[in-house]
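Me: I have not looked at this structure before. Please take me through a few points in it, one at a time.

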Amino acid sequence: MAHVLNVLLPGRDKLSFVAAFNAWLARGTALPSATPGYLHALAEFFRWPAGPLPAAALIRQSVAGDAGDAQWVCADPAWVQPELSGARLLGCGNLGVSSADAASLVAALGETFAEAGMSLHVGDPQHWQLKVPGYISVPALPDPEEALGADLFEQLPQGEDGRRWRALINEAQVVLHNHPANGARRYDNLPPINSVWLWGAGTLPAWVECGQSGIYSDDLLVWALGHKAGVDVQHRAALVGARSRAIPATGGHPAAELLDLQDTQPTDFAQTWWPYLLARLEAGTELRLAFADGTRTLLRKAHRLRFWRKAKA
């Protein structure tokens, strides 16, 4: 049996200009489609106790080791764009926040959350965590992927149960709007940090399982899942220049690895990652591609012989 490399990718339309890649896709084998979305794709490779993914607690444990049995909520730095009829979430996490700015912004928000009985912490400059007492109920909150680009009001928790959280977000926006760090960010042509996005609530799960022998990702949540599952996780750069590296078999069975390219940009994919994946194919690795749009495709070296299948124009 061939070695297996599972690859998380953005939507197919984002990579449609890479002609050689699309020619291989046309020759591949279509697998059953899945629910679109990055978190849904992760659920195909990781298992945890029943319920929504407690992203905040997993990340907190990974970066600080102090998640304990507390309830945590991701409170990631966010960029909200006001509009005539409301506002839209245009960015969340990975907004180029420096360590110094993260510490300053979180300190400025401290009183706002403390008055509600909560405490805000910097886990990573791009990802903050809110510690919430167990007696406070946390409503369902959409993850950033679902909320990005959408009308902010429609994404916020509604009704009486959501009033506390809407008020907290509004107060946080007032504090952040007046923070001097945003003046410096405007000078550097960076988007403002003018809100926080709350999502991924829950407590640290007792276990996480993963059937992969190794993981390559630049996403903090994937690192947190891998750490809890006891799987080796490395940055994607570890693979660059190792195009034909074989995956060692374990226990007499071929091993599988996970490569997370869900946020790769088209040019980077064309110049770096497709050549790497092609080399792995030619070395006999079986590629299982999971696209963000829910499409799943299997590629094998033998598929190159399906020359009669043509990529769609």
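Me: Which helix holds Arg60, and which residues make it up?
Reply: The model is a predicted one. Within this model, Arg60 has its place in a helix, and that helix is α3, residues 55–64.

Me: How many disulfides does a search of the whole structure find?
Reply: A disulfide needs two cysteine sulfur atoms within 2.5 Å. For Cys74, the nearest cysteine sulfur is that of Cys92, at 8.4 Å. From the side of Cys92, the closest cysteine sulfur is in Cys74, and 8.4 Å is too far for a bond. Over the whole structure, the number of disulfides found is 0.

Me: Are Cys74 and Cys92 buried or exposed?
Reply: Cys74 has a relative accessibility of 1%, so it counts as buried. Cys92 has a relative accessible area of 15%, which also makes Cys92 buried.

Me: Which residue in β8 is the bridge partner of Ala75?
Reply: Strand β4 covers residues 71–83 and pairs with β8 in the antiparallel sense, over 6 bridges. In β8, the partner of Ala75 is Leu198.

Me: How many of the 8 residues of strand β8 are buried?
Reply: Strand β8 spans residues 195–202. It is largely enclosed by the rest of the structure, because the buried residues number 7 of the 8.

Methods: Residues are numbered from 1 along each chain as its sequence is written. This is a predicted model: local features need pLDDT of at least 70, side-chain atom pairs count only at pLDDT 80 or more; totals for chains, interfaces and linings use all residues. Side-chain values use heavy atoms; hydrogens and water are left out. Buried means under 20% relative accessible area, exposed over 50%, partly exposed in between (1.4 Å probe, protein chains only). Helices (H or I, at least four residues) and strands (E, at least two) are DSSP runs, numbered from the N terminus. Two strands pair if DSSP finds at least two bridges between them.
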